[in-house]
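Here is a short briefing to read alongside the sequence and the 3D view. Please keep both at hand as you go through the points.

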Amino acid sequence: MSEQSRRPRKPGKPYRRPQKDPVRMLAFEALRAVDERDAYANLVLPPLLRKAREKGDFDGRDAALATELVYGTLRRQGTYDAVIAACVDRPLREVDPPVLDVLSLGVHQLLGTRIPTHAAVSSAVELARVVLGDGRAKFVNAVLRKVAQRDLDGWLEQVAPPYDEDPEDHLAVVHSHPRWVVSALWDSLGGGRAGIEDLLEADNERPEVTLVARPGRLGADELLDALGEESALPGRWSPYAVRLTEGGEPGAIDAVREGRAGVQDEGSQLVALALANAPLDGPDRTWLDGCAGPGGKAALLAGLAAERGAVLLASEKQPHRAGLVAKALAGNPGPYQVIAADGTRPPWRPGTFDRVLMDVPCTGLGALRRRPEARWRRRPDDLDGFAPLQRGLLRTALDSVRVGGVVGYATCSPHLAETRAVVDDVLKHYDAGSAELLDARPFLPGVPALGDGPDVQLWPHLHGTDAMYLALIRRTG
């Protein structure tokens with residue numbers, strides 16, 4: 001036996017294997033997918049939760065906590081990054097992304113939930129031991145103990161510049177939005193500090209799950225009765241909307257699984273309804289959804305068209321998204337057709353349709369409640385990439401509608417460069433006197449705070465919807 005082997009071990013705590021916490025492990029896995037694969041949390045999280053339930057690892061409370069940890073961390077990422085930066089001795093870009101994800105989960109538990117301080121720190125450190133190793137777990141422990149010395153308001157006083165010195169940067173840190181997004185939203189909204197703060201706060205709130213009862217297949221009253229008054233409420237503005245009060249998994253609802261209802265924000269429903277309700281000069285037989293994927297608006301329009309004896313053509317450029325449209329429309333009571341086609345080079349003849357909806361690709365800044373990670377991915381120069389496409393699609397829509405027909409230009413972004421600037425520019429250069437803006441407000445009955453018109457901008461803080469934009473345009477020549 002060697003001299004070294006005979007030496008007694010130094011007294012100390014025995015090694016303890018790290019304990020895997022299924023909730024934190026799942027939340028970490030979701031955040032890594034968002035970071036590494038540019039995945040969206042609303043697409044990554046449901047299958048992870050379903051798998052955990054099937055394994056017996058999760059109950060309803062576990063699923064709710066995992067969801068809160070993922071979405072809360074993503075929504076508050078900007079604020080938490082500022083706090084973490086104040087607690088580490090290196091630039092954040094030099095902190096390994098998996099370490100930063102564990103830290104962010106820990107900070108959210110400390111500053112954004114009611115989890116006790118000791119439990120928040122210890123659970124994050126235990127997660128770090130499992131996924132990072134004991135060495136980096138010590139770093140996580142040290143940082144989170146510094147974070148725990150203040151509450152959220154205390155940290156904001158330290159890391160956010162005063163409003164009077166830099167209003168946009170103050171709001172960016174306090175409400176966890178990139179500065180350029182704060183500036184763009186403020187320009188679109190107008191007004192003073194109160195309005196923009198209300199909007200930014202609404203972006204950070206968990207949105208309701210809203211269903212649409214598809215016309216001809218299911219009535220909203222039937223859907224409400226099936227769900228029960230403790231689980232659902234009528235929509236605020238759309239006669240086809242039903243709001244789930246208890247969250248849950250919409251895919252488990254029979255009507256959704258059978259295609260008689262779908263998940264659809266009330267703002268999207270209002271856009272489709274406004275186009276369907278706008279008056280026409282002449283017949284009302286053929287409708288077009290020119291950017292139909294993934295199919296929510298197309299399914300609603302198809303049902304409305306069927307009630308009037310009209311037919312819908314749903315066109316989507318990407319074949320896999322066209323497949324989603326076909327799935328959404330399956331079972332529609334009236335005739336319809338789904339095609340994969342480029343809306344800027346359409347296969348149909350000019351003047352074919354009575355009504356045309358173009359819900360164009362955009363930055364998605366109107367849906368930051370549902371896709372909080374989008375705020376960190378988008379850049380100002382993305383607008384330059386979308387601009388030619390948006391203008392091209394609107395010109396196609398105007399060419400595709402007959403004289404006397406109506407076009408709806410819609411986008412899930414309130415950015416002026418994607419809304420009024422596109423409409424104004426296209427109409428300015430379109431054939432003189434051949435198109436006119438309609439006042440869209442009367443076709444959203446009962447919806448308040450719609451501004452001066454003629455176009456409409458919906459807002460999360462005013463209407464409880466995504467920030468959908470709509471302009472209605474009549475072809476006159």
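Leu-31 is buried, with a relative accessible area of 3%; buried means under 20% relative accessible area, exposed over 50%, and partly exposed in between, using a 1.4 Å probe and protein chains only. This is a predicted model, in which local features need pLDDT of at least 70 and side-chain atom pairs count only at pLDDT 80 or more, while totals for chains, interfaces and linings use all residues. Residues are numbered from 1 along each chain as its sequence is written, and side-chain values use heavy atoms, with hydrogens and water left out.

**Leu-31**
- Leu-31 sits in helix α2 (residues 22–37); helices (H or I, at least four residues) and strands (E, at least two) are DSSP runs, numbered from the N terminus.
- Beyond neighbours within four places in sequence, Leu-31 is in contact with Val-70, Thr-73, Leu-74, Asp-101 and Leu-105, where contact means heavy atoms within 4.5 Å.
- Between the C-alpha atoms of Leu-31 and Leu-45, 14 residues apart along the chain, the separation is 9.4 Å.

**Helix α10 and its surroundings**
- In α10 (residues 167–175), the buried residues are His-170, Leu-171, Ala-172, Val-173, Val-174 and His-175.
- These buried residues pack against α5 (77–85), α9 (152–159), α11 (179–189), α12 (193–203) and α18 (374–377).

**α10 against α12**
- The two helices pack at an angle of about 30° with axes 10 Å apart; axes are lines fitted to C-alpha atoms, for helices over the stretch in contact, and angles run from 0 to 180 degrees between N-to-C directions.
- α10 and α12 are therefore roughly parallel to each other, a label for angles under 35 degrees.
- From α10, His-170, Leu-171 and His-175 meet Arg-193, Ile-196, Glu-197, Leu-200 and Glu-201 of α12.
- The residues of this contact divide into three nonpolar, two polar and three charged; Ala, Val, Leu, Ile, Met, Phe, Trp, Tyr, Cys and Pro count as nonpolar, Asp, Glu, Lys and Arg as charged, and the others, Gly among them, as polar.

**Thr-79**
- Thr-79, in helix α5, is buried, with a relative accessible area of 1%.
- Its side chain reaches the backbone oxygen of Val-173 at 2.5 Å.
- Not counting residues up to four places away in sequence, Thr-79 touches Leu-152, Leu-156, Val-173, Val-174, His-175 and Ser-176.

**Glu-316**
- Glu-316 belongs to strand β6 (residues 311–316) and is buried, with a relative accessible area of 8%.

Key. Angles under 35 degrees count as roughly parallel, over 145 as roughly antiparallel, 65 to 115 as roughly perpendicular and the rest as oblique. A polar contact is a pair of N or O atoms within 3.5 Å; within protein, one must be able to donate a hydrogen and the other to accept it, and residues adjacent in sequence count only if both atoms are side-chain atoms.
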